[in-house]
Every structure is written in C-alpha cells, then in structure tokens.
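Hi there,

Here is the structure I promised to pass on to you. Have a look at it first, and my notes follow just below.

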Amino acid sequence: MSLVAAPMAIVDLANTQLQQQATEEAVDQEELSYSSLMKGVRHLSDSGITRLPDSYVLPAPDRPRSSSGGGRVRLPVVDLACLRDPSRHAGALATLDAACREYGFFQVVNHGVDGGVISGMLDVARRFFELPLAERERYMSPDVRAAVRYGTSFNQARDAVLCWRDFLKLACSHPLRDVVASWPREPADLRGVASAYAAASHALFMELMEAALQALGIASGGVLGELAAGSSHMMTVNCYPACPQPELTLGMPAHSDYGLFTFVLQDHVEGLQVMHGGRWLTVDPIPGSFVVNVGDHLEIYSNGAYKSVLHRVRVNSTRPRISVASFHSLPAERVVGPAPELVDEAAGNPPRYMDTDFATFLAYLASADGKDKTFLQSRMLAL
Ligand SMILES: O=C(O)CCC(=O)C(=O)O
C-alpha cells in the first residue's frame with residue numbers, strides 16, 4: 001500500500017486502521033469460540049490480525065528459538081539417476097543407507113517426475129486454500145479416519161496449543177480412481193493434478209523401498225510383493241499462511257511419521273526442521289527435489305537400523321508456505337514388526353519393537369496428542 005500524505009489518503013488509512021482494529025477485536029472475541037478457531041489459520045491470516053491469538057502461543061521452552069534451535073542442514077542427496085545406473089548403483093545405495101541410519105532424512109534428485117506434475121501440484125494446492133472458506137469447509141471433519149479431510153492445527157481435537165497450519169488430507173489408496181471421486185470438486189483440475197502426482201509419488205516410493213530393502217539385506221520378494229498388491233497412501237497438503245508472530249508458534253510441532261517412507265514436496269519457502277545431534281536444523285530446500293524421511297514402520301521393520309526422526313515446521317511473517325506430504329506404508333490391516341532377517345537373538349540382536357499396525361496408530365492418534373515420538377516409544381520393547 002502506498003502511504004501518500006494527501007488528506008484523503010490519511011482518512012483512508014485511519015479508516016483502514018480502525019477497521020483492522022475492529023477485525024482484531026472481533027477475532028479476539030472469537031477466540032473464545034472453539035468453532036471459530038476451527039475455521040483455520042488461513043481465515044485468521046486473511047482477517048489481517050497483527051497479534052497471534054493466545055490459543056497459538058506455545059509455552060516458552062517449546063517456541064522455535066528455544067536453546068535447541070539453530071543451524072541449517074543440506075540433507076544427504078540420493079541421486080536416482082545414479083541408483084538406476086548399474087555402474088553407479090552401489091554408491092547411491094550406500095548414500096541412501098547411511099542417510100537412513102544417521103539422519104532418517106535425505107533429498108531425492110534426478111527422480112524423473114515431470115516438472116509440470118510437481119509445479120501443478122503445488123499450484124493447485126495453493127489455489128485450493130485460496131477458495132472461499134465455505135467451499136473448503138465442505139470437507140471439514142474431525143474424524144481422523146475420513147478419506148477426505150480439511151482441517152487445521154496438528155491434531156485439532158486434542159492440541160492444547162493450536163498450530164499455525166491448515167491442511168487437506170486425501171486418501172490415495174489403490175485403485176486411485178475409486179477414491180478420487182470423493183476428493184474436492186474445486187479447483188476443477190484438483191482431481192486430475194493430484195491423482196497424477198499421487199501416482200508419481202507411489203512409483204517413487206516403490207523404487208526407494210526396493211532400494212532400502214536391498215541396502216538392509218532383505219530379499220525383495222516378500223514385503224515388496226505385498227506393497228505391489230496393495231499399500232496405504234495418504235497425501236496431506238499443508239498450508240502455512242504468513243503468521244503475525246512466528247517466534248511464538250509452530251506450523252507443526254515435533255513429530256515423527258507413522259509409515260514406511262514419507263515424501264515431502266515443498267515450495268521455495270523454507271520451514272521444515274529436522275532434529276539431528278540434539279539440535280533443530282532447517283532443511284535447505286533443493287528446488288524440484290523431494291525430501292524423504294523414514295517413518296515409524298520402517299524404523300520398526302528395520303529393527304532400529306533406520307531412524308524415524310523428529311521433525312517440525314517453522315512459519316514466518318511474510319511468506320505463506322505450501323507443502324505436500326505423501327505417507328506411504330503397508331495396508332492398514334497389515335501388522336508390522338521387525339523383519340525376521342534382521343533379528344538374531346543368539347547374536348545379541350533381539351526384536352526391539354512390538355508388532356503394530358495402522359489401526360493401532362489411528363487409535364493412538366484419536367486418544368493422544370501424537371506429538372514427539374510417543375507412538376514409536378509405545379512400541380519399543382524393554383531390553
Ligand atoms: O511441511 C513440511 O515441510 C513437513 C510436513 C510434515 O511434517 C507432515 O505433514 O507431517
């Protein structure tokens with residue numbers, strides 16, 4: 001806005017300020033109402049607030065600039081062109097293996113997914129969150145099992161402090177065409193764009209899973225065959241609007257993911273932080289790459305060799321951010337435990353985790369706040 005010092009402009013400015021003050025007061029009043037907060041942070045951000053409502057203010061030790069904050073990381077890079085080339089395969093496999101053991105995270109480049117599919121996904125995601133609230137609200141549901149769910153915060157029914165995030169969750173179970181009909185109708189190209197993206201993400205997941213099994217020394221037939229026959233795939237589209245006081249809150253709190261691998265596509269705005277060596281490190285986004293992380297199921301299946309690592313999302317005061325997280329795992333009903341190939345009691349390598357399944361995770365999510373590593377910790381065996 002241009003601040004030209006002409007009398008009319010000053011009157012306009014004063015009116016704007018009065019209107020803004022009135023909106024903020026209205027929002028403050030609304031803060032008392034749970035249902036208004038459930039309209040999400042895009043709604044709050046659009047209302048022009050300049051102060052973070054109390055419901056989003058974290059206790060001081062949980063704020064992003066607490067003592068464990070700081071630093072940046074260029075995650076290990078797995079080059080899929082190398083992984084696909086027999087003469088360079090071993091080197092790329094060793095990079096993937098070391099990244100899963102040491103960081104639980106890596107970035108994938110030269111993956112071959114069409115640039116238009118990637119930019120189209122980010123673009124349609126952004127346009128979805130620009131739709132009027134009435135259109136987005138059609139997909140609101142407190143049910144964590146719903147196939148399509150628009151919502152806000154992290155675990156909105158349970159969060160003591162709300163997070164600065166709105167989301168659209170799309171079940172992508174196969175065959176995709178059966179679920180696509182329940183996805184949002186608007187924007188008109190969402191179903192086509194998101195299903196092309198989901199198919200590409202699933203294909204990459206299968207390729208990386210095959211590589212991970214090879215690196216772990218597990219014969220590829222069993223679990224890979226199961227995944228080919230059916231898998232679970234949930235896509236979460238995250239929207240983190242500009243936040244008036246980003247130092248007081250988070251877009252997403254520290255958490256680990258439940259599945260085998262998660263693929264994160266982020267736009268050019270940084271925000272993802274991973275816990276490494278006891279510190280929160282901000283991931284340097286590589287344009288066009290995917291950030292991939294090991295989920296709880298892969299930590300369990302690898303009997304602790306691969307690490308499902310805590311991560312969180314910071315927000316900022318000027319640049320809205322969009323990310324798309326694709327959670328890939330075995331079918332919901334499949335029980336996951338340490339792979340027999342990686343357990344050897346006689347050699348001092350007992351199973352380190354209880355068997356678990358997706359339904360157990362959902363039950364946990366519905367009954368707990370899902371933060372930190374509590375789900376995975378609940379599956380660890382005392383040795
Ligand atoms: O927004 C991001 O970069 C990460 C998203 C994430 O961690 C999640 O959806 O679980």
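Let me start with the contacts. Counting those in the protein chain with a separation of 6 or more, 77% are between residues 24 or more positions apart. Please keep in mind that this is a predicted model. The protein chain has 383 residues, and 39% of them count as buried. Its secondary structure comes to 13 helices and 13 strands.

Eight strands make up an open sheet with mixed pairing, and their order is 2-3-11-8-13-6-5-4. At the edges sit strand 2 (77–79) and strand 4 (148–152), each of which pairs on one side only. On average, neighbouring strands of this sheet are turned by 25° against each other, ignoring direction.

If you begin at the strand 2 end, you will see that strand 2 and strand 3 are parallel and share three bridges. Val 77 has Gln 107 in strand 3 as its bridge partner. Gln 107 in turn is bridged to Val 291 of strand 11. Strand 3 and strand 11 (residues 290–294) run antiparallel, with four bridges joining them. Strand 3 (residues 105–109) is mostly covered, as four of its five residues are buried.

Further along the order, strand 6 (residues 232–240) and strand 13 (residues 321–329) are antiparallel and joined by nine bridges.

**The ligand**

Which residues are around the ligand? They are Thr 236, Asn 238, Met 252, Asp 257, Val 264, Gln 266, Gly 271, Leu 272, His 311, Val 313, Ser 323 and Ala 325. By type, this shell divides into five nonpolar residues, six polar and one charged. At least two residues of the shell come from each of strand 6, strand 8, strand 12 (311–313) and strand 13.

Happy browsing, and do write back with any questions.

Best wishes

Terms used. Residues numbered from 1 in each chain as written. Predicted model: local features only at pLDDT ≥ 70, side-chain atom pairs only at ≥ 80, totals over all residues. Pairing = 2+ DSSP bridges. Axes fitted to C-alpha atoms, helices over the stretch in contact; angles between N-to-C directions. Near = placed C-beta within 6 Å. Nonpolar A, V, L, I, M, F, W, Y, C, P; charged D, E, K, R; others polar. Buried ≥ 20, exposed ≤ 12 C-beta atoms within 10 Å, placed from the backbone. Contact = placed C-beta atoms within 7 Å.
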